[in-house]
Amino acid sequence: MKLSLKKTLAFGLVSALALNCVLFAQSISGSNPESVGAGSAMMSLREVSVDKFEREGSWYVHISPDDGVISARLFDGAPSMKEPLKEDEGHEDEDTQVLGVKVDFFRRGIDSFTITSGRPLPIEGTVKTVSMWVCGRNQMHDMYVLVQDYFGKNFELYLGNLGFSGWKKLTCVVPPSEDGVHGIVQSSVYYGDKPGFKIIGFRVDCNPEQARGSFYMYLDDLRAVTDLYDMENHDEDDMLDNW
């Protein structure tokens with residue numbers, strides 16, 4: 001009786017191992033060798049300039065009239081730690097201004113204000129990160145990037161907290177869409193190859209305890225890191241789907 005039970009257990013173990021080997025072999029043989037390493041090899045990441053805040057009147061600011069008064073203007077200056085892009089080397093004298101924003105709060109409360117571009121700022125390729133130099137005044141307000149995807153859906157990305165003094169480069173990651181339907185979709189094989197990522201502006205959610213008196217902040221050098229692989233490897237004899 002005991003011998004029969006041992007034989008049964010041994011047979012079951014051998015069968016389970018054989019089945020696992022078959023399934024493992026199927027998963028290996030069924031993989032596509034062309035997709036191996038595609039996540040890293042088929043990329044051409046490049047940092048590009050989106051806006052340098054050099055044009056007066058191209059950004060608009062807004063706050064609820066019940067919360068305070070807001071204004072914006074350009075000032076001479078720039079963060080000393082900022083490094084120019086390779087294509088901008090030798091032209092530093094063309095990037096000499098920053099955007100200043102001033103908010104006068106009426107009372108302490110749960111307030112927010114927006115800084116929006118006069119037109120959406122499209123970025124070609126697949127955007128990976130968005131960065132900007134911000135001069136804070138050590139107040140614990142939270143800043144968000146307002147973006148629009150390929151289908152015109154609006155999203156917000158957390159850029160960072162403004163609880164610091166002086167200039168600081170804030171960066172946020174753009175999460176990829178896993179299925180091309182949900183999340184921030186940046187491209188579609190069904191609707192052409194137009195830029196699918198646009199920056200609309202920014203929103204600052206104010207800390208209720210510090211939203212009083214006057215608040216000053218300055219912005220400069222809005223950039224993005226984007227994957228331009230598809231654009232740079234587009235065949236010369238291949239037509240563009242933009243008609």
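**A close look at one loop**

Guide: The count of disulfides comes to 0, a disulfide being a pair of cysteine sulfur atoms within 2.5 Å. This is a predicted model, in which local features need pLDDT of at least 70 and side-chain atom pairs count only at pLDDT 80 or more, while totals for chains, interfaces and linings use all residues. Residues are numbered from 1 along each chain as its sequence is written, and side-chain values use heavy atoms, with hydrogens and water left out.

Turning to the loop, Gln 139 is found between β6 (126-137) and β7 (142-148), where strands (E, at least two residues) are DSSP runs numbered from the N terminus. Gln 139 is buried, with a relative accessible area of 16%; buried means under 20% relative accessible area, exposed over 50%, and partly exposed in between, with a 1.4 Å probe and protein chains only. Leaving aside neighbours within four places in sequence, Gln 139 is in contact with Asn 161, Leu 162, Gly 163, Gln 210, Ser 214 and Phe 215, contact meaning heavy atoms within 4.5 Å.

Asn 138 is found in the loop between β6 and β7 as well, but Asn 138 is partly exposed, with a relative accessible area of 43%, and its phi is near 55°, a positive value in a residue other than glycine.

A positive phi, of about 60°, also belongs to Asp 221, which is not a glycine; Asp 221 lies in strand β11 (residues 214-227) and is buried at 3% relative accessibility.

Note on methods. Helix = DSSP H or I, 4+ residues; strand = E, 2+ residues; numbered from the N terminus.
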